[in-house]
Amino acid sequence: MLEKYLIEWCSSTLASLKTASLFNWFYTWDELTREDVYKNVKDMNTIFEEKGISIEILRENEKSALIYVYRTNRLQEDLKQEKTWELLKKCGYTRCDVKYSIAHLKERLRNLNDFPHEIGLFLDYPVEDVLGFIENKGDNFKCCGYWKVYGDESAAVKQFARYDKCRLIYTKLWNAGRSILKLTVAA
């Protein structure tokens with residue numbers, strides 16, 4: 001079941017065009033229980049281990065689970081970028097490693113009244129766009145696609161088109177019987 005949503009929402013991460021993806025998996029979509037979702041995530045983590053991809057549940061409630069799919073090595077490199085790390089420190093992060101950073105993000109998701117907008121850094125969004133979103137409170141953006149753009153609009157529009165094309169191709173191949181493992185690029 002999870003495969004369908006990974007293809008739909010995370011194909012650009014599976015194709016290694018993007019460090020990570022995020023989606024809400026509503027239990028009512030497939031009449032699932034919380035235990036079903038955890039089992040699906042565990043099973044997919046086993047399948048993806050050889051490809052360098054991990055899946056985590058960042059937050060959940062009685063209706064849905066927020067699923068985070070990421071390439072561990074790329075995320076580590078992203079977090080080490082100077083401007084990224086500066087912003088994360090301002091948000092209370094004290095260590096620049098993947099496990100700690102995801103655990104801290106989970107804590108912020110649970111404990112904040114507002115959504116922690118630094119999550120864009122965990123999704124491979126440009127730092128200037130994450131900063132622009134925070135500083136402008138989501139207003140005054142140049143364009144909107146996979147994220148709100150405050151920096152290089154032209155580059156973002158091209159990237160959005162690549163992600164859309166990837167999703168279309170992956171959906172077509174998966175519907176034709178190609179396995180998700182074969183569609184996933186190795187780290």
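The model is predicted, and local features need pLDDT of at least 70, side-chain atom pairs count only at pLDDT 80 or more, while totals for chains, interfaces and linings use all residues. Residues are numbered from 1 along each chain as its sequence is written, and side-chain values use heavy atoms, with hydrogens and water left out.

**Exercise 1. Check the span of helix α3 and find its buried side.**

Step 1. Helices (H or I, at least four residues) and strands (E, at least two) are DSSP runs, numbered from the N terminus. The expected span of a helix is 1.5 Å times one less than its number of residues. Helix α3 has 15 residues (34-48), so it should span 21 Å; the C-alpha atoms at its ends are 21 Å apart, which agrees.

Step 2. Buried means under 20% relative accessible area, exposed over 50%, and partly exposed in between (1.4 Å probe, protein chains only). In α3, Val37, Asn40, Val41, Met44 and Phe48 are buried. They cover an arc (of the directions from the helix axis to the C-beta atoms) of only 100 degrees, which puts them on the same side of α3.

Step 3. Glu35, Lys39, Lys42 and Thr46 are exposed, on the face turned away from the buried side of α3.

Step 4. With contact taken as heavy atoms within 4.5 Å, the buried residues of α3 pack against several elements, including β1 (20-26), β2 (53-60) and β3 (64-71).

**Exercise 2. Describe how β3 is paired and covered.**

Step 1. Two strands pair if DSSP finds at least two bridges between them. β1 and β3 run antiparallel and are joined by 7 bridges; leucine 22 has tyrosine 68 of β3 as its bridge partner.

Step 2. A hairpin is formed by β2 and β3, with 3 residues between them.

Step 3. Of the 8 residues of β3, 8 are buried. One side holds Ser64, Leu66, Tyr68 and Tyr70, the other Ala65, Ile67, Val69 and Arg71.

**Exercise 3. Classify the ring pair of tyrosine 5 and phenylalanine 23.**

Step 1. Rings of Phe, Tyr and Trp (its six-membered ring) pair if their centres lie within 6.5 Å; planes under 30 degrees apart count as stacked, over 60 as edge-to-face and the rest as tilted. This rule gives 9 aromatic pairs.

Step 2. The rings of tyrosine 5 and phenylalanine 23 are 6.4 Å apart centre to centre, with 35 degrees between the planes, and the pair is tilted. The pair links helix α1, which holds tyrosine 5, to strand β1, which holds phenylalanine 23, 18 residues apart.

Step 3. Tyrosine 5 and phenylalanine 23 are both buried.
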